[in-house]
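I opened the model to look up the annotated sites and the strands around them. My notes follow.

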Amino acid sequence: MKTFIHPSILSADFARLGEELQRIPDADAVHVDVMDNHFVPNLSFGMPIMEAVKANTDLPLDVHLMIEDPDRWALQYADAGADTVSFHVEAAQAPIRLARELRDRGVKAGLALRPATPVEPYLELLPEFDMLLIMTVEPGFGGQSFLDVMMPKVRTAREYIDAEQLPVRIEVDGGINAATIGTAFKAGADVFVAGSAVYSAAEPNQVIKDLQAALS
Ligand SMILES: O=C(CO)[C@@H](O)[C@H](O)COP(=O)(O)O
């Protein structure tokens, strides 16, 4: 199975964001965490920073909206150059309509689930999506510990996706590092977001290579 490492810039130095983006050349995409201080108890950034990120990297942008009312905002991120826009099923009014609107623009649609949200009720929606984002920490902050109790959810999704032969990736987000990535991979994830593990290191790109090596 092909795998993808997406560093999260939530753990980068925002005052030097342009340089921070140049420190991860072997990443498969940049994970862009948008938080509104309503859906999650933290505020990160919005469209101006998204536009600055787009202007300062050639890597694909994997945008994760942790916001209320994604139906209202998601298309702006698509139009600003996102490759993938994931929004939370707990926040969306009309997830299928929004996924179709994203895909009509040529942008991949991701369905994100909080740790407390079961996956089973949403499996039948997956043909409408390109990615399922399973949170492996409570959304809102970087640097938390990996919730391995989410692995049954990843396994259930993997079994369904394989049985239905859907071209849907499974992204895990939160607490991913060299010690946890193998657990998530074995459960069936193929896209791995890593924030603090990458950006707290002296050489972020070496961490990306180490994570890739841990999967090979
Ligand atoms: O969405 C989130 C947090 O809500 C994540 O993308 C974190 O930014 C990942 O950070 P680490 O757990 O890898 O430090």
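How many of the 5 residues of strand E7 (residues 169–173) are buried? I counted 5 of the 5, so E7 is largely enclosed by the rest of the structure. I call a residue buried if 20 or more other C-beta atoms lie within 10 Å of its own, exposed if 12 or fewer, and partly exposed in between, with C-beta atoms placed from the backbone. Strands (E, at least two residues) and helices (H or I, at least four) are DSSP runs, numbered from the N terminus.

Two points on the source. I number residues from 1 along each chain as its sequence is written. This is a predicted model, where local features need pLDDT of at least 70, side-chain atom pairs count only at pLDDT 80 or more, and totals for chains, interfaces and linings use all residues.

**Strand E7**

I checked which way its side chains point. Arg169, Glu171 and Asp173 point one way from E7, and Ile170 and Val172 point the other way. In a regular strand the side chains alternate between the two faces of the sheet.

Next I looked at the pairing, which takes at least two DSSP bridges between two strands. E7 runs parallel to strand E6 (residues 131–135), joined by 5 bridges. Leucine 133 has glutamate 171 of E7 as its bridge partner. With strand E8 (residues 191–194), E7 is again parallel, through 3 bridges. Here glutamate 171 is partnered by valine 191.

E6, helix H5 (residues 151–164) and E7 form a right-handed β-α-β unit. E7, helix H6 (residues 181–187) and E8 form a right-handed β-α-β unit too. Right-handed means that, with the strands pointing away from the viewer, the path from the first strand over the helix to the second runs clockwise.

**Annotated sites**

I looked up the UniProt record, an unreviewed entry. For "active site", the unreviewed entry lists Asp33 and Asp173. UniProt positions follow the numbering used here, feature names are shortened, and annotations may be inferred rather than shown by experiment.

I went through three of these residues. Contacts mean C-beta atoms, placed from the backbone, within 7 Å.

- Aspartate 33 sits in strand E2 (residues 30–35). It is buried, with 24 other C-beta atoms within 10 Å. Beyond four places in sequence, aspartate 33 touches Ser8, Leu10, Ser44, His64 and Met66.
- Histidine 64 lies in strand E3 (residues 61–66). It is buried because 28 other C-beta atoms lie within 10 Å. Among its contacts beyond four places in sequence are His31, Asp33, Leu133 and Asp173.
- Aspartate 173 belongs to E7. It counts as buried, with 26 C-beta neighbours inside 10 Å. Its contacts beyond four places in sequence include His64, Leu133 and Val193.

**Ligand shell**

Which residues come nearest to the ligand? I found Ser8, Leu10, Gly142, Gly195 and Ser196, out of 23 residues around the ligand. A residue is near if its C-beta atom, placed from the backbone, lies within 6 Å. E2, E3, E8 and helix H7 (196–199) each supply at least two residues of the shell.

Terms used
Two residues are in contact if their C-beta atoms, placed from the backbone, lie within 7 Å.
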